[in-house]
Each structure stands twice: as structure tokens, then as C-alpha cells.
Amino acid sequence: MDYFVRGIVRNAFNLPSLSEEVYYILSPYMELTEKLGLLVSQIFPGPIHTIEITYEGEVARLSTDYLTKSFLKGFLIRFVGENVNLINSTFIAKERGINIFERKTEVCSDYASLVTIKVKLDSKEGTVAGAVFGKRHPRIVRIDDFHLEAVPEGTIIILRNWDRPGVIGNIGSTLGKNGINIAHMHIGRMAPGGQAIALVHIDTPASKDVLEELGKLPNIISVVQVRL
């Protein structure tokens, strides 16, 4: 009851003890890692057999066991449903043949703290990273080689595209004519004219037909809708 009401863990044999003060510090990182788990499960199709989690900066000095368990909870919930939790997430992941590795370093050049997730699939690798801004606000700051700053919540359409004039306008027009309002949008690109990524937060989920219409637009490479 203490854990669910006040975030305090005492005398648990399957989790390290956690005071109310430590929980307050950890909670935004737990939210961040769970959201990163949800994101990974939806944008990287195919069986993932290896997950490497790197904690950099101040977060490396915290109880990262909770953070890894939170990530696995978010990652697995899409596959096993609400039965996954902080207690059993590591066991379920290993039961599914997923290898989990943790790395820590107190050095971080770009952020006070950074959590980077690298996953290995049969044919490729994928990366996402997140940080906590202002001590309490989780953000997605990287997807593969694209750097951006996006709020990890709600329904998001993630589009990969070629960085050409008119792409963003076409996306907005397509969503608008289908009655879908854009709440906000975050863009990342490697270089002008190269590949880019757009995270479009929308007020209502897009149908399969709308996603297919977006995918047929000029210079669009891929489209996926996620729910965070």
C-alpha cells in the first residue's frame, strides 16, 4: 500500500528499498523509461532479442534497477497486457528470450542525464533516447540518428521522409481534410535535403486509411502511429 500510495518500498525481497524522497527523484525517470519502452515496442517491428540500456550523467547514480524494470514494463505491455509490472517485467523479458544489458557512466556531454536504449532485431538495430527537462518533464531526444525534443504522450504519427519543400504542408493538409487536428509537431533531420523525421501529435487517432494516404504522399518514406 505504501508503494502505490506514496512510492515507498520497504522490506521487499524482489525490489530494492525505496524511500519517499528517492521515489520523488526517480519518478520522472520511471515515467520516461516506461514511455521509451512503449515507443520501442511500436516503432521497431519484428522480434527484439537484445536490449542495451545506457544511463549517463546524474541518473547513473540513482537506483537504475527501477528504471530498467519500468522500461521493460512499457515495452512488454503491448505483448502480454496489463499483467506485466515492475515485479515481473525482468522475468517475463528473459522468459521471452530477450537479453538485457545495463551500462552506466556519470559523464554526459549534452544533458544532465540521458537514457539511451539500443535494441537488436534479426536484421537491424534501433536506438531511442530520452531525457528529463527541468527535473520533472520527460522528453524523447533521439530516434535512431535523428535528434529532436518531443513530449512522450498521447497519439503520435511518426513519419520518416526526405527533407524537401512542401512535405510538412502536405502532411498538415492530409490530416486537416480528414478532420484530424495537429496538437504540435517536432522535426529532426540529419542534413538539409537528406532524411528527416517528424513526430506529429494529434488530438484523435488516425484511421488505417489516413495512415495509408500519408504514406503515399511525395517524399514520405514510412509512417507509423504510436500511442504513448
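Residues are numbered from 1 along each chain as its sequence is written. In this predicted model, local features need pLDDT of at least 70 and side-chain atom pairs count only at pLDDT 80 or more, while totals for chains, interfaces and linings use all residues.

**Two helix pairs**

Two packed helices are described by the angle between their axes and the distance between the axes. Axes are lines fitted to C-alpha atoms, for helices over the stretch in contact, and angles run from 0 to 180 degrees between N-to-C directions. Helices here are DSSP runs (H or I, at least four residues), numbered from the N terminus.

| Pair | Angle | Axes |
|---|---|---|
| α2 and α3 (residues 64-80) | roughly 35° | within 7 Å |
| α5 (residues 167-177) and α6 (residues 208-215) | about 155° | 10 Å apart |

How do α5 and α6 run relative to each other? They are roughly antiparallel, a term for angles over 145 degrees. Contact means heavy atoms within 4.5 Å, and here Ile171, Thr174, Leu175 and Lys177 of α5 meet Val210, Glu213 and Leu214 of α6. That contact has four nonpolar, one polar and two charged residues. For these classes, Ala, Val, Leu, Ile, Met, Phe, Trp, Tyr, Cys and Pro count as nonpolar, Asp, Glu, Lys and Arg as charged, and the others, Gly among them, as polar.

Now to α2 and α3, whose axes come within 7 Å. The residues of their contact divide into 12 nonpolar, six polar and three charged.

**A pocket**

A pocket is an open set of points on a 1 Å grid where a 1.4 Å probe fits, with protein on both sides within 12 Å along at least five of seven lines; lining residues have an atom within 4 Å of a point. Helix α2 (residues 20-43) gives the largest share of the second largest pocket's lining, three residues. Among the lining residues are Tyr24, Glu58 and Arg136. By class, the lining has seven nonpolar, two polar and three charged residues.

Key: Side-chain values use heavy atoms; hydrogens and water are left out. Helices (H or I, at least four residues) and strands (E, at least two) are DSSP runs, numbered from the N terminus. Angles under 35 degrees count as roughly parallel, over 145 as roughly antiparallel, 65 to 115 as roughly perpendicular and the rest as oblique.
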